[in-house]
Amino acid sequence: MIALIRTEFTKAASRTRSLVIALLLIGLPTLIVVAINARQDRPRRDNGEGLFRLASQSGLLVPAAVLSATSGFLLIVIAGTLAGDSVASDASWGNLRYVLMRPVSRVRLLLSKAFVAGVLIWAATILVTLAALVAGLILFGAHDVTVPGIGGLVGGFNLSGGALALRVLIATGYVAFGFSALLAIGTLFSTITDTAASAIGATVGVYIVSEILDSISQLGQVRYAFPTHYFDAWETMFTDNTYSREMVVGIVVQVAYVVVVGAAAVALFNRKDIRS
Amino acid sequence: MSDVIVEVEGVSKRFGEVNAVDDFSFSVERGQVYGLLGPNGAGKSTTLRMIMGLERPNHGVARLFGSPVTPSCSQLARVGAIVEQAAFVPHLSGMRNLRLWWTAGGAHMRDADLEHALAIADLGDAIHRKVKTYSQGMKQRLGFARLLLGRPELLVLDEPTNGLDPGEIREIRELIGRLTHQGATVLLSSHHLSEVEQVCSHALVMNHGRLVTSGTVSDLVGTTKSVYIEVDDRAAAHALLSRMPIVSNVQSQGDGLVMVMGDGRRSDVADALFHAGIRVETLMATQRLEDAFLDLLAAGDGAGDEPVAAQVPS
């Protein structure tokens, strides 16, 4: 299994695409921080929304703002690319049949590919957080943050540097773990098609559809089962000073997707005729 | 003890409404160089994929070294294969591909026959270039290097010269020739009949997923109906043969005669000539495998769904 993981990691990490993604994940947070810095000189009411409005108070809060901005689309596309590509890229190169013409267990191969994709998704999330943190600390320094109340009806609160650091750590882990369902779905699609672009497109498409449907409140409790429903539950740590119960539910939903969809992917791949 | 390396027994494979392989059986013994002949769509590649555990038969069983083939079965370690075209991770070098492929299964590089494999591939410094810069011929040679890493007892080669230019085809054929002379058991699928004729000791013909005939290559050629003879008295032989009911269309050709055999054997002709006092210098089937192949396929198509030829004894 370790040899398979090493092989899969080499194949995935040595692609030019991986370098481009890494540069994007470093460059984009830097641009966002520069933009936040430019806006803080403007009149207060034109200082952005939510976490972005607060981010200029401390570089420790910048990663939260950047995670909020990137987890809704950019990280979904990157995670979808890594997951959807896992099996389908080998198939599209025609290399999958050669891997499987050795005494290599299909289940182990699939788990190795999914594991490597998962590690790279975590690495991408951590990288975007670190890039934002470094850029934020350089421009804004490390300070406590005061979150104002709403219209004087709800009290504001302070977040110390230590609390911010801890919550950024938790947020990063939650966001990265929040892609577990996407990883399972991408791996499933990757076993179905031999075209990497199709698998990636289908994976990202499922998430975009999930986000659209999730925004339709008339769907009621059905939305609770969508993989993106609890995606932003971590933001209350910074906006409401609470560890939302929804974070726990979100983790449970992700685990459920991994178990059900992952099992389907394993069963499908194990029985699949390899024709590519 | 029978040393059967490959055994396919009553195997069928359907894709939707299409019967790709239908109740197909054959076996390959150790040391044989076995050709799998058939037109495109005959079911050759599907058969080889089932032998390599890539596809599951709907019915029947494929065995390697006496044990049923399942995906990832241990016997695959004793087989080296090229199925359709050799394929690799394009953004890695040839050498990196070889190493990753070998170690992915948990094996150590020290156990691989890397030196021999690289000598066979003969890629020189190009082995360190990215595979996406290779020509198809170079990829095929690298494919041979990969399949030889494990010192396989059986080589499964599916259309190994497909898509290559004439120079590359010649290189690959010479390579297969060297490997067979080293004693490898080979199962070679091809629709290049001259390739099978040059390389193989045995062959089978399949069409529409079914066995048409099988046997030694010389037997297959021998089942054809055109016969060439050289005799000491050509005029007498022409007169005699023209009267024989099992012979038709006797014509002069070069120093001898060519005729078409009906229901009878070449030995019947030899006997008749001998008893007429005519000395026979040469008597041989004149068709090459290509003619035999086309005759067999035409006969097979004419016979509907039933196999048309009995198994030719090897």
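A: A residue is buried if 20 or more other C-beta atoms lie within 10 Å of its own, exposed if 12 or fewer, and partly exposed in between, with C-beta atoms placed from the backbone. This is a predicted model, in which local features need pLDDT of at least 70 and side-chain atom pairs count only at pLDDT 80 or more, while totals for chains, interfaces and linings use all residues. Residues are numbered from 1 along each chain as its sequence is written, and chains are lettered from A and ligands numbered from 1 in the order in which they are written.

Q: With that definition in hand, is Thr47(B) buried or exposed?

A: Thr47(B) is buried, because 28 other C-beta atoms lie within 10 Å. Thr47(B) belongs to helix α1 of chain B, where helices (H or I, at least four residues) and strands (E, at least two) are DSSP runs numbered from the N terminus.

Q: Which residues is Thr47(B) in contact with, leaving aside its neighbours within four places in sequence?

A: Two residues are in contact if their C-beta atoms, placed from the backbone, lie within 7 Å. For Thr47(B), with neighbours within four places in sequence set aside, the partners are Val8(B), Val21(B), Phe24(B) and Leu36(B). Asn162(B), by comparison, stands 115 residues from Thr47(B) in sequence and 18 Å away in space, C-alpha to C-alpha.

Q: In what order do the strands of the sheet with β1 of chain B stand?

A: Strands pair if DSSP finds at least two bridges between them. Here 4 strands of chain B make an open sheet in the order β2-β1-β4-β5, with antiparallel pairing. The edges are held by β2 and β5 (67-68) of chain B, each with a single partner strand, so one side of each is left without a neighbour in the sheet. Helix α1 (residues 44-51) of chain B packs on this sheet and touches β1, β2 and β4 of chain B, its direction making about 120° with that of β1(B); such axes are lines fitted to C-alpha atoms, for helices over the stretch in contact, and angles run from 0 to 180 degrees between N-to-C directions.

Q: How many bridges join the neighbouring strands of that sheet?

A: Strand β1 (residues 4-15) of chain B pairs in the antiparallel sense with strand β2 (residues 18-29) of chain B over 8 bridges, and Arg14(B) stands opposite Asn19(B) in β2(B). The hairpin of β1(B) and β2(B) has 2 residues between the strands, and Gly16(B) takes a positive phi near 65° there. β1(B) also pairs in the antiparallel sense with strand β4 (residues 59-64) of chain B, over 5 bridges, where Ser12(B) stands opposite His59(B). Between β4(B) and β5(B), which run antiparallel, there are 2 bridges, and Arg63(B) has Pro68(B) in β5(B) as its bridge partner.

Q: Into which domains is chain B divided?

A: Domain bounds come from an automatic or database domain assignment, and for chain B this assignment gives domain 1 (4-221) and domain 2 (225-286). The C-alpha centres of these domains of chain B lie 42 Å apart. Chain B has 10 helices and 14 strands, and 42% of its 314 residues count as buried.

Q: What is the strand order in the sheet of β11 to β14 of chain B?

A: The order is β12-β13-β11-β14 (chain B), in an open sheet of 4 strands with antiparallel pairing. At its edges stand β12 (247-253) and β14 (280-285) of chain B, each with a single partner strand, so one side of each is left without a neighbour in the sheet. From one strand to the next the twist averages 20°. Strand β11 (residues 226-231) and strand β13 (residues 256-261) of chain B pair in the antiparallel sense over 4 bridges, and Tyr228(B) has Val258(B) in β13(B) as its bridge partner.

Q: Which strands does helix α8 of chain B lie across?

A: Helix α8 (residues 234-243) of chain B lies across β11, β12 and β13 of chain B, running at about 10° to β13(B). Helix α9 (residues 266-275) of chain B lies across β11, β12, β13 and β14 of chain B, at about 165° to β14(B).

Q: Which residues have the most contacts inside the largest nonpolar core?

A: A nonpolar core is a set of buried Ala, Val, Leu, Ile, Met, Phe, Trp, Tyr and Cys residues joined through C-beta atoms within 7 Å. The largest has 154 residues, and those with the most contacts inside it are Leu61(A), Val62(A), Ala79(A), Ile51(B), Val156(B) and Leu188(B). Helix α7 (residues 106-140) of chain A gives this core its largest share, 15 residues. Apart from it lies another core, of 11 residues, among them Ile229(B) and Met259(B).
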